[in-house]
Amino acid sequence: MRAHLVVGGGDHGPDVASRVLAALTPHHAVVRPAPQHGAPDPVVAAVEDLLDRLLTALDLPSPVVADLIARILPAELPALLRLARQLEQAAADDHEIVVEVDVEVARLLDAPQRVARAMSAFVPVIARWEVLVAPDGIGTLPQPDAPVLAALREGAALLDALDTALADPAQTALHLAAPAGPVGAARRADAEVFLALMGRRLTAVHPPGGAGVEHLPDPAPDHGLRVERLDDGSGAWRLVIDLPGVRAADLDLVRHDDELVLGCAGRSRRVLLPSVLRRCEIARAGVAGGVLTVTMTPDEAVWPRG
């Protein structure tokens, strides 16, 4: 299965989606899902109910409430979950899919990872509510209903799968059909930064008016995160991450527990370290040709000594 996503919010988006569909149809089993309306997503409904009851009981200041809602229940969540379900169904049916995505491109590329992490963080809290939040006889916070835990797990899994698909050019083709002028240029710049931090590029850029299509390079066969053991006797490892178009001067790199936080142009993305590197320390790092190379050495405080 491969998903072809038309993003950018330009008026010519539907026409681009139609052209992509027409080009694929003679050669592949491909569908274009119709817009869906009706009942709210069950994950959204369960989380909304939980937040409504908790926030009513807590009586928190408005800015705190707004921050909590933005983290776990952003406006784009129904559309993101719908897209995740569409990709999941296409994979199960073994066909390709063409979708015009009605989510601002920067939010599409950023929100799935962030919201999945927020939902995952809530899971152990909900599972041990009576121990961690409201021990017997203490506090008045309402006990979450049983479906809430299942909804948070399902939402986190769906959004994690969507984030993985967006980062993988073998799974998703991303066609940018943005408006003309500064708005379109800004959306392209945002998309390119986020995708670079994911290790990939846009598949194609479709200008308004349909006059020509700018196709971008296909990913290298070894696209993605790679781990190599150095043969210099030091016991060190080399972590290689593609960051197409990113220069050393543009990149911020921070180690946070078992993750690397990559930053560029005010945008950021978290990369989970492979298990073999979680007990290592960063010795040096550098960017050349759009590739980040991080040399890591075993942390003697946690590695067993021979």
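Guide: Three strands form an open sheet, ordered β9-β10-β11 with antiparallel pairing. Two strands count as paired if DSSP finds at least two bridges between them; strands (E, at least two residues) and helices (H or I, at least four) are DSSP runs numbered from the N terminus. The edges of this sheet are β9 (251–256) and β11 (267–272), each pairing on one side only. From one strand to the next, the twist averages 20°, with axes as lines fitted to C-alpha atoms, for helices over the stretch in contact, and angles from 0 to 180 degrees between N-to-C directions.

This is a predicted model, in which local features need pLDDT of at least 70 and side-chain atom pairs count only at pLDDT 80 or more, while totals for chains, interfaces and linings use all residues. Residues are numbered from 1 along each chain as its sequence is written, and side-chain values use heavy atoms, leaving out hydrogens and water.

Within the sheet, β10 (residues 259–264) pairs with β11 in the antiparallel sense over six bridges. C264 stands opposite R267 in β11. Helix α5 (residues 105–127) lies across β10 and β11 and runs at about 50° to β11, where contact means heavy atoms within 4.5 Å.

Another open sheet has four strands in the order β7-β8-β13-β12, again with antiparallel pairing. Its edge strands, β7 (226–229) and β12 (280–288), each pair on one side only. Strand β8 (residues 237–242) meets β13 (residues 291–298) in an antiparallel pairing over six bridges. Here L239 stands opposite V294 in β13.
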